[in-house]
Each structure stands twice: as C-alpha cells, then as structure tokens.
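Dear colleague,

Please find the sequence and structure below. My notes on them follow, and I would be grateful if you would read the two side by side.

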Amino acid sequence: SEKIAVVPHGYTVTNSANTQLSAEVAAKLPEKYILFLSTLQPRKNLELLIDAFRELKTEHPELPHKLVVVGKAGWKFQEILRKIDENKDIVAYLGHIPDEDRWPVYRGADLFIHPSLYEGFGMWILEAFECDVPVAVSNSSSLPEVGGDAALYFDPTSKAEMKSVMLKVLTNPQLRVDMIAKGKLQLAKFSWEKCARETLSVLEDVGRS
C-alpha cells in the first residue's frame, strides 16, 4: 500500500447551461422525471431500479415523476430492454442521445440516480453536479469517492433503500437545494490542473527515490 498514490480524475466544465434541448428529444421527455444515464448492461443494475421505482409509484401515486433512461445498448441488454418495455407506463427510454441534448436532459431532472454494482469512476456524477441535479448512487466501488458528501447513497441490492432515497429527494425541496450546493463544491475537486499537478508530484517523488 505504501507504493500506491491516488490521483483524482480530472473534469472539464462544459458550460452546459448554453445548450438547448432539441425538439425531437423534448417530445419524448415527461414533465417531471428522475434520470438514469448509462450504457445498458447487467452491472448497471437498471432492472432492480425499475422494480424499486414501480413500488415507489404504487405506494406514492401522488408522485408525478417518471424514470427517464438514456443510454445505448451494451452487452446482455435484451432482458433490460424487455424490462423497460414491460414498464413503459412509468419508464421513458430515449436510447442514445447527442451530447448537446444530454446536458439539458440532466438539467430537467429532479434527481439523477444510478444503482451500479461496480464502476471504475463515475463521470456522470460530476456531469450531474455541473447541471445542478441532486445525485443518489450506490455505495459500491469508486462511487462514494466521486460523490463525497454531496450525494446520497444506498445499497444497490436493496429495493427498499432505493425507494427511500428517491422519496426523500423528491419530497424535500430544501434537501435538493442543499445537495445541489454541495455538488458544486464537490465538482471543484476534480480539475485537470489538479490531476496534472498531483501526477507530476508522484513522478517527481519516484525520480528522487
């Protein structure tokens, strides 16, 4: 462990507020929604999220939100698409969308949620922070390191915890405001300048040893 140095990934701010949603994508978006954005593959755990969201909508029919799913089909995607189709009354699948549409889709969400079982980093957490969206993600692998104290976390194998965190954010406007503010602070920790300087420091230390 003494030979390991951890350098956080960099992030480029996109000035996403300047992008406008295309009419084609806007026509597919519900008025109120939570957002899942990632390639469709088993480790992303989307099927369990859909089950949890179905239970949430059943227990709280007053919630107007739908689950918007954005992402291209990856490997072993057939069952995932079947699950989406079986729940299309509460799930809107947009497929892959262009970058210029991705940012306004983020901005329109009341919550970004991702129940992944494993991630190497989690760039979409930072993208959501930039777009002023509260973030709830699984407490697995790298995700707590990226989200810090700005995100809410849940066990990715627990529908109950997923439901709880969704309900908590969707029914508490002040919590959303606080999470957005914390997200901006957390995002500032991931600049490419910082990444480069810390990498250089590691290389200089190796050169001196």
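Valine 146 lies in helix α6, which spans residues 143–147; helices (H or I, at least four residues) and strands (E, at least two) are DSSP runs, numbered from the N terminus. This is a predicted model, in which local features need pLDDT of at least 70 and side-chain atom pairs count only at pLDDT 80 or more, while totals for chains, interfaces and linings use all residues. Residues are numbered from 1 along each chain as its sequence is written, and side-chain values use heavy atoms, with hydrogens and water left out.

Surroundings of valine 146

With a relative accessibility of 2%, valine 146 counts as buried. Here buried means under 20% relative accessible area, exposed means over 50%, and partly exposed lies in between (1.4 Å probe, protein chains only). Leaving aside residues up to four places away in sequence, valine 146 touches Phe121, Gly122, Ile125, Leu126, Phe129, Gln186 and Phe190, where contact means heavy atoms within 4.5 Å. Its C-alpha atom is separated by 8.2 Å from that of methionine 123, a residue 23 positions away along the chain.

Salt bridges

A salt bridge is taken as a side-chain nitrogen of Lys or Arg within 4 Å of a carboxyl oxygen of Asp or Glu. The count by this rule is 16 salt bridges.

One of them pairs lysine 44 with glutamate 119, with 2.7 Å between the closest N and O atoms. This pair links distant parts of the chain, 75 residues apart: lysine 44 is in the loop between β1 (33–37) and α2 (46–59), and glutamate 119 is in the loop between β4 (111–114) and α5 (123–130). Lysine 44 is buried at 5% relative accessible area, and glutamate 119 is buried at 7%.

Glutamate 55 and lysine 159 also meet through their side chains in a salt bridge (2.8 Å, N to O). Here too distant parts of the chain are linked, since glutamate 55 belongs to helix α2 and lysine 159 to helix α7 (residues 159–170), 104 residues apart. Glutamate 55 is partly exposed at 26%, as is lysine 159 at 29%.

A further salt bridge joins arginine 208 to aspartate 205, the closest N and O atoms being 2.4 Å apart. These two residues are separated by about one helical turn, because they are three residues apart in helix α9 (residues 192–208). Arginine 208 is exposed at 61%, whereas aspartate 205 is partly exposed at 40%. Finally, salt bridges with shared partners join Glu55, Glu59, Lys159 and Lys163 into one network.

With kind regards
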